[in-house]
Amino acid sequence: MHKKAQLGEQIMVFMFIFLMFVIGAGIVLGTYFFIGPEFDFRNAEADMLSYKIKECILNEGSSWLYSDEFKKNPDLFYTKCSLNKEVIENNNAIRVCPRAAEVNICLDPNNPEAVFTVGSYGLCDPAGSNKLVGCSVVSFGNFEVKENALRNYVIIATSKQKIRRNAK
Amino acid sequence: MNKKGTIGDIVMDNVIYLILLIIFFVGMMAFVNSKMNGAVVWEDYYAKELAKVIDLSKPGDVIVLDVQKATEIAQKNKVANFEDIFSFDNINNEVCVRLSLGKASCYYYFNEVSVTYDESGKWMHYAEPVNRLHFKVMKGEGQNA
């Protein structure tokens with residue numbers, strides 16, 4: 001065979017292997033990012049938590065949130081809303097703001113209207129770098145019997161929980 | 001070189017390229033398939049789905065879940081007792097799933113409930129027509145009576 005043709009063939013083999021390598025690396029990386037590490041459950045968990053708290057306030061009423069008993073013993077929140085204190089404190093954050101017109105007011109750490117706060121709810125800060133992953137904000141109206149008026153509530157719930165590999 | 005030799009060379013080159021391509025394609029398919037059917041991926045999926053179901057359940061609920069895929073993977077990974085695939089820790093509010101002989105994947109549920117057997121007294125129910133996990137959700141320790 002001609003020398004030039006042999007050189008061309010060798011280049012073609014090199015190109016073929018290079019292409020296979022690029023495609024293979026693409027598939028491996030794509031597979032790793034899509035199904036490799038774990039599927040993200042934090043948003044779903046945060047949504048479920050905020051939903052559960054909303055249902056709790058709507059079903060149990062809101063008067064207990066302002067009671068002396070609750071002020072003395074904030075753990076009453078877990079009992080009333082059927083939440084596990086240890087799990088929430090280790091993996092989640094909650095902030096409940098009655099009479100908050102909008103989310104930003106509830107996000108303000110100096111807001112005196114917040115009746116319950118646990119954990120760091122910084123995941124829900126739109127200015128943060130986390131792109132709000134694991135954050136859920138629910139806003140709803142609740143009729144306050146004492147005041148005979150409809151008040152807006154804001155609930156912030158977050159989740160930072162990841163799967164754990166235990167030798168059980 | 002004569003013409004026959006040239007044609008033979010071209011065919012041979014293409015056959016080699018084709019064989020390499022098939023090997024590569026099969027290898028990639030096997031890799032993706034092993035990832036998709038990997039025990040760790042499915043443990044992650046089942047643990048989180050179970051935590052979701054428990055978080056949304058109320059005391060008194062009886063839950064029945066299709067776990068056919070989990071048992072198939074566990075069988076492939078030589079897990080002898082299917083009753084050990086799923087475990088619920090009511091003290092720490094944790095659900096664990098183990099589909100291989102190694103470690104289990106665990107996830108916490110925040111709902112203050114306890115998970116127990118249903119009336120049958122066992123977790124796994126086989127061939128109904130698929131394998132199913134049965135459990136009952138009860139009031140947790142910290143809940144109001």
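Reader: Two strands pair if DSSP finds at least two bridges between them. Which residue stands opposite Ser105(B) in β4(B)?

Author: Arg165(A) does. Residues count from 1 along each chain as its sequence is written, and chains are lettered from A and ligands numbered from 1 in the order in which they are written. The model is predicted: local features need pLDDT of at least 70, side-chain atom pairs count only at pLDDT 80 or more, and totals for chains, interfaces and linings use all residues.

Reader: How many bridges join β5(A) to β4(B)?

Author: 3, and the two strands run antiparallel. Strands here are DSSP runs (E, at least two residues), helices are runs of H or I with at least four, and both are numbered from the N terminus.

Reader: What is the strand order in that sheet?

Author: β5(A)-β4(B)-β3(B)-β2(B), an open sheet of 4 strands with antiparallel pairing. β5 (164–166) of chain A and β2 (86–89) of chain B are the edges. Each has a single partner strand, so one side of each lacks a neighbour in the sheet. The average twist from one strand to the next is 30°.

Reader: And within chain B, what joins β3 to β4?

Author: 4 bridges, between residues 94–97 and residues 104–108, running antiparallel. Cys96(B) sits opposite Cys106(B) there.

Reader: Which helix lies across β3 and β4 of chain B?

Author: α2 (residues 39–56) of chain B, at about 25° to β4(B). Axes are lines fitted to C-alpha atoms, for helices over the stretch in contact, and angles run from 0 to 180 degrees between N-to-C directions.

Reader: Interface next. How many residues does each chain put into the contact?

Author: 32 from chain B and 31 from chain A. Contact means C-beta atoms, placed from the backbone, within 7 Å. On the chain B side, α2(B) gives the most, with 8 residues.

Reader: Switching to α2 of chain A. Which residues are buried?

Author: Glu45(A), Ala46(A), Met48(A), Leu49(A), Ser50(A) and Ile53(A). Buried means 20 or more other C-beta atoms within 10 Å of a residue's own; exposed means 12 or fewer, partly exposed is in between, and C-beta atoms are placed from the backbone.

Reader: What do they pack against?

Author: α4 (76–81), β1 (92–98), β3 (135–144) and β4 (149–159) of chain A, plus α2 of chain B.

Reader: What follows α2(A)?

Author: Gly61(A), with a positive phi near 85°.

Notes: Two residues are in contact if their C-beta atoms, placed from the backbone, lie within 7 Å.
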